[in-house]
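Here are my notes for your read-through, as numbered points. I have put the cut-offs beside the terms as they come up.

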Amino acid sequence: MRIEVDVRKRVRTDGRVFDLAVAFDADSGRIAIYGPSGAGKSLTLQMIAGLIRPDAGRIVVDGETWFDAARGVDRKPRERRVGYLFQDYALFPHFTVRGNIAAAFGPRWPQRLSKAEHRTVERLLGRFGLDDVRASYPAQLSGGQRQRVALARALAGDPRRLLLDEPFAALDGMLRERLRDDLLALQAERGIPWIIITHDPDDVARCAEVVVPLNHGHVTKAAPLPRRSAGAITALA
């Protein structure tokens with residue numbers, strides 16, 4: 001995935017102003033936006049996804065212009081064909097596991113899914129080991145199970161790219177390591193590129209080939225990761 005980002009956004013909350021000015025150019029199947037909490041990572045990812053509109057600038061992915069303020073281009077999230085995994089997973093509490101995955105197909109669920117969409121949901125339940133909990137609700141699931149439901153939902157619409165917002169932050173160390181392995185196996189299987197945002201240098205070391213350091217709303221130059229240790233990555237932010 002080749003992505004060019006040059007965007008600006010001013011956010012006002014509780015009487016405070018946060019100015020984000022992010023510019024980077026990266027070409028990799030595994031990109032990490034890395035920095036401390038409050039650096040603007042989630043805001044940047046949401047602008048790439050089309051969930052938040054930048055005040056100015058442009059976003060170009062694989063030669064396609066997704067956003068260009070000067071030209072009036074702003075592709076809708078569905079047109080960008082991304083699967084988005086929210087930090088808190090954003091599961092619907094009143095939907096079952098199967099219902100949460102099927103919800104990726106929009107308001108036609110559950111009455112009007114096509115046969116192909118039904119098959120997709122069944123395949124993802126099996127792929128992520130969720131068959132036994134298909135009728136359970138999010139409150140009845142472990143953290144790892146909720147993460148897998150959210151990832152299955154993100155993949156249900158056959159996205160061309162994945163955007164992952166702190167996907168392991170709520171998990172304990174052993175589970176975090178196992179799910180990193182699952183995510184890498186999934187990419188090897190499907191070849192889908194991703195952008196992951198994280199404050200954890202171990203996530204970067206395991207899940208990224210290129211790191212984009214972000215701090216106080218600004219980016220230093222994107223850099224490749226030739227077998228760097230987590231300790232070396234920490235110094236980038």
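1. Helix 1 (residues 41-49) has seven of its nine residues buried, so the rest of the structure largely encloses this helix. The buried ones are Lys-41, Leu-43, Thr-44, Leu-45, Met-47, Ile-48 and Ala-49. Here buried means under 20% relative accessible area, exposed over 50%, and partly exposed in between (1.4 Å probe, protein chains only). Helices (H or I, at least four residues) and strands (E, at least two) are DSSP runs, numbered from the N terminus. After helix 1 comes Gly-50, with a positive phi near 90°.

2. A word on provenance: this is a predicted model, in which local features need pLDDT of at least 70 and side-chain atom pairs count only at pLDDT 80 or more, while totals for chains, interfaces and linings use all residues. Residues are numbered from 1 along each chain as its sequence is written, and side-chain values use heavy atoms, with hydrogens and water left out.

3. How many residues of strand 9 (residues 194-198) are buried? Five of the five are, so strand 9 is largely enclosed by the rest of the structure. Trp-194, Ile-196 and Thr-198 lie on one side and Ile-195 and Ile-197 on the other, and both faces are covered. In a regular strand, side chains alternate between the two faces of the sheet.

4. Strand 9 runs parallel to strand 3 (residues 30-34), with five bridges joining them, and Tyr-34 stands opposite Thr-198. Strand 9 is also parallel to strand 8 (residues 161-165), over four bridges; there, Leu-162 has Trp-194 as its bridge partner. Two strands count as paired if DSSP finds at least two bridges between them. Strand 8, helix 6 (residues 173-190) and strand 9 form a right-handed β-α-β unit, meaning that with the strands pointing away from the viewer, the path from the first strand over the helix to the second runs clockwise.

5. Strand 1 (residues 2-13) meets strand 4 (residues 56-61) over six bridges, and strand 4 pairs with strand 5 (residues 64-68) over four. Strands 4 and 5 make a hairpin with two residues between them, and Asp-62 in the turn has a positive phi of about 50°.

6. There are 24 salt bridges in the structure, each a side-chain nitrogen of Lys or Arg within 4 Å of a carboxyl oxygen of Asp or Glu. One joins Arg-80 to Asp-74 (2.9 Å, N to O); Arg-80 is buried at 1% relative accessible area, whereas Asp-74 is partly exposed at 35%. Another joins Glu-189 and Arg-127, with the closest N and O atoms 3.0 Å apart. Since Glu-189 is in helix 6 and Arg-127 in helix 4 (residues 115-127), this pair ties together parts that are 62 residues apart in sequence. A network of salt bridges links Glu-177, Arg-180, Asp-181, Asp-200, Asp-203 and Arg-206.

7. Finally, the largest pocket has a volume of about 590 Å³. Its lining has 23 residues, with Arg-78, Val-82, Gly-83, Tyr-84 and Ala-104 closest to the centre. On a 1 Å grid over the protein atoms alone, a pocket is an open set of points with protein on both sides within 12 Å along at least five of seven lines, and lining residues have an atom within 4 Å of a point. Grid points are joined across faces, edges and corners, and the volume is the space filled by probe spheres set on the points. Strand 7 gives the largest share of the lining, four residues.

Technical notes. 1 Å grid on protein atoms, 1.4 Å probe; cavity = no way out; pocket = protein on both sides within 12 Å on 5 of 7 lines; lining within 4 Å.
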